[in-house]
Amino acid sequence: MSDTAQYLIRQEPFYQPLHEEVALYQAAWDERLPVMIKGPTGCGKSRFVEYMAWRLGRPLITVACNEDMTASDLVGRYLLDAGGTRWLDGPLTTAARIGAICYLDEIVEARQDTTVVIHPLTDHRRVLPLDKKGELLEAHADFQLVISYNPGYQSLMKDLKQSTKQRFTALHFDYADADTEAGIIATETGTDPALAQRLVQMAGAARNLKGHGLDEGISTRLLVYAARLLKRGVAPRAACRMALVDPITDDKDIRSTLYHAIDALF
Ligand code: ADP
């Protein structure tokens, strides 16, 4: 039997609500509706799910999806050991058994034949067929499925099928407005709020370049990294280059534009 306690979040995660997402998620949870959280990388999607799991007192099982992931990685497989073969539940099966919130992070990364295993769990049946084991698992009453999805990476090759999308309710996330984002960085890292404001200004400059040489803007996550480097005594220009610019671009011209923006601000 899986140990439910290990998946419980014991301490309240810091989460700054941005709109009505807490109340909306709560309503979806009350109805056990599947939820899709859309938004750019590092904007607070995972933190929000952790916060909601804590608030609801439910275990949370997170799976980072990738293109090599198979349906068995989610559902489970037989293992060979000294005693013979033994079935091992995958994370999705464990979540359905114990009534956890199962969070499939970056679901578009998974192949479509993997994605379809969630279908029977997301309609009125709420079942998970374990074909190899010959079991039809009925999901626990508290089981809920949550997926995250970055519309920025959307392409014909990498998109969810309509038949998958239309099994979810959706919440749109984006970076917080400048003051709120600076507050998040200051609270998260203990950085001086005025310095946090300047980091956010820097992010604003880079976010304007999205679609003009940058695939993604600077995320809140990277701003938190920069603030942490500053707290360690790293000089502002070096911290910003290391945390905000160099991770997101290899293009020399864009890099030099962003370095100039840093020099103007710090
Ligand atoms: P995503 O899942 O969208 O890629 P995360 O949830 O991991 O991003 O967020 C990245 C980091 O940004 C978090 O670790 C946290 O430090 C910070 N963050 C972003 N939004 C918020 C928020 N609304 N409240 C608190 N922290 C946030």
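User: What is the bridge partner of Lys-38 in S8?

Analyst: Tyr-149 is that partner. The model is predicted, so local features need pLDDT of at least 70 and side-chain atom pairs count only at pLDDT 80 or more, while totals for chains, interfaces and linings use all residues. Residues are numbered from 1 along each chain as its sequence is written.

User: Why are S1 and S8 called paired strands?

Analyst: Strands are DSSP runs of E with at least two residues, numbered from the N terminus. Two of them pair if DSSP finds at least two bridges between them. S1 (residues 35-38) and S8 (residues 144-149) share four bridges and run parallel, so the pair meets that definition.

User: What makes S1 a partner of S9?

Analyst: Four bridges join S1 to S9 (residues 169-172), again in parallel; Ile-37 stands opposite Leu-171 there.

User: In what order do the five strands form the open sheet?

Analyst: The order is S2-S5-S8-S1-S9, with parallel pairing.

User: Why is one side of S2 and of S9 left without a neighbour in the sheet?

Analyst: S2 (60-64) and S9 stand at the edges and each has a single partner strand, so one side of each stays without a neighbour. For S2, five bridges pair it with S5 (residues 101-105) in the parallel sense, and Ile-61 has Cys-102 as its bridge partner in S5.

User: What is the average pLDDT of the protein chain?

Analyst: On this per-residue confidence of the predictor, from 0 to 100, the chain averages 93, and 97% of the residues score at least 70. The model scores ipTM 0.99 and pTM 0.94.
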